[in-house]
Amino acid sequence: MDVLNDLMGGFGSAFSPLHLLLAFAGCTLGSLVGVLPGLGPATTVALLLPLTFVFDPTGALVLFAGIYYGGMYGGSTTAILLNVPGETASVPTTLEGHPMARSGRAGAALATAAIGSFVAGTISTVGITFAGPAMAQIAEKIQPAEYFAVMVLAFATVTAVVADAPARGLCSLFLGLAIGLVGIDSLTGQARYTFGVPELYDGVQIVAVAVGLFAIGEALYTAARMRRAPEEQMLPVGGRIGMSPEDWRRSWKPWLRGTAIGLPIGALPAGGAEIPTFLSYNVEKRLSRHKKEFGKGAIEGVAGPEAANNAAFSGVLMPLLTLGIPTSATAGVLLIAFQMYNVQPGPQLFETQSALVWTLIASLYIGNVMLLVLNLPLIPLWVKLLRLPRPLLTAGILVFAALGVYALSQNAVDLGIAVLFGLLGFGMRRTGYPVAPLILGAVLGPMAETQFRRAMAFSEGDWTIFFTRPLSAAILFLSLIALAGPMAARALRRNREREPEPVG
């Protein structure tokens, strides 16, 4: 009953005119930017991050909830109409959504993606409502050694999942950890890697890092490809935007299965959206009675992965709110949003910031409904937006990103940091280095250092505490498996490819 009372209090705050307006604005802005080709939710949230600084913490996070969900909804439009996934998790949608659009069924593909996202988002938010407080109570009992081990697990899994080559993922992660070390050491008071620049004594402005890596880096990468790669041809939205009774019959089970796959994996401290979307696609391909349609436009291949994607994105809020650990690049940017207002997610958040948390959760329900009502009618508007010249869109993103970073602090150093990390993000994309481990290292690095020092202080300098405590040792062992497993699988695959075929 306490949960329901808290949720009702959250709805009371979320239904205030200001918060409803902010939720609507967030949903609209998130969809508007998320629908742009190749940006993805992480870039959408990073680009719009400076906009929230003019509001109080509760209002800003309500706005961010809308932006977060809107960015997810918008990505399916480009995946279906342009065959351009905003991020890795949207790749399964392109496999079936774009063939559906080519066969004149873009309206059905867009509808099943939007409704599936609504179903998954609502069920996942119910899960957060009831499991979040219980998970926070358990997290309060976690000691620093276990906390540090969980962060190592998050580092290992994100690095292994998003990187084609683990060495590149580790390089990106260690660079992010080094960025997190910049500033005054809280224990000794010594300046670290500041190079005599006073503006760096408080550390690198993480908002500038996020905007540079995602928004500026992606814009530069898109601009660099314009001359070499032809602009993607957008397919028209043929027929009505909706679903036939047959489409409903074939979609509702994939929606539920996708939610069941995405929510628990996303809620894990080592979760994310990439694994559940591909897993959901494979499950639907195996269970479907229309296997021959896969690769040619099977609606199950859109419904399941989109539901899994949205459920996983909602699920990552669980470890973020209860443990303070982001398990994806988008969640890392969300953690930056919390930290902008001196709100630190973690086990104490449900007690110290109860009104804020429950207003945020209530706004997730409201945002889901708003997006369902908004997105289908506004699809013709998004189609017109996608017809704008690509150079104009890219230039607009660069200008908006630069203005947003400068407006936060009116500091030329922060603007320079954003540009520098924009060039770094561009270079990483060109050379195949993943960006997600870097931003997670920069955001989580200082927290991991704090927990490591606390564990060492409790053990009086005995580093074996991480291996003598059973839970900590088990989590670190899982981290090793998460990092070494994909490497071993790739090695086995290469050996099999090199083996000569048996003769006769």
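**Exercise 1.** Work out which residue forms a salt bridge with Asp-185, and where the two partners lie.

*Solution.* Start with the rule: a salt bridge needs a side-chain nitrogen of Lys or Arg within 4 Å of a carboxyl oxygen of Asp or Glu. Asp-185 meets it with Arg-453, the closest N and O atoms being 2.8 Å apart. (Helices, H or I with at least four residues, and strands, E with at least two, are DSSP runs numbered from the N terminus.) Then check the cover, where buried means under 20% relative accessible area, exposed over 50%, and partly exposed in between, with a 1.4 Å probe and protein chains only. Asp-185 is buried at 6%, and Arg-453 is partly exposed at 28%. Finally, widen the view: Asp-185, Arg-192, Glu-449 and Arg-453 are linked in a network of salt bridges.

A word on the model before you go on: this is a predicted model, in which local features need pLDDT of at least 70 and side-chain atom pairs count only at pLDDT 80 or more, while totals for chains, interfaces and linings use all residues. Residues are numbered from 1 along each chain as its sequence is written, and side-chain values use heavy atoms, leaving out hydrogens and water.

**Exercise 2.** Find the salt-bridge partners of Arg-250 and Arg-257.

*Solution.* Take Arg-250 to begin with: its partner is Glu-300, with the closest N and O atoms 2.8 Å apart. Here helix α10 (residues 245–267) supplies Arg-250 and helix α12 (residues 300–315) supplies Glu-300. Arg-250 is buried at 11% relative accessible area, and Glu-300 is buried at 6%. Now turn to Arg-257, which pairs with Glu-284 at 2.9 Å between the closest N and O atoms. Arg-257 lies in helix α10 and Glu-284 in helix α11 (residues 274–287), so this bridge ties together parts 27 residues apart in sequence.

**Exercise 3.** Describe how the rings of Trp-248 and Trp-255 are arranged.

*Solution.* Rings of Phe, Tyr and Trp (its six-membered ring) pair if their centres lie within 6.5 Å; planes under 30 degrees apart count as stacked, over 60 as edge-to-face and the rest as tilted. The structure holds 11 aromatic pairs. For Trp-248 and Trp-255, the centres are 5.6 Å apart and the planes make 85°, hence edge-to-face. Last, compare their cover: Trp-248 is partly exposed at 40% relative accessibility, whereas Trp-255 is buried at 4%.
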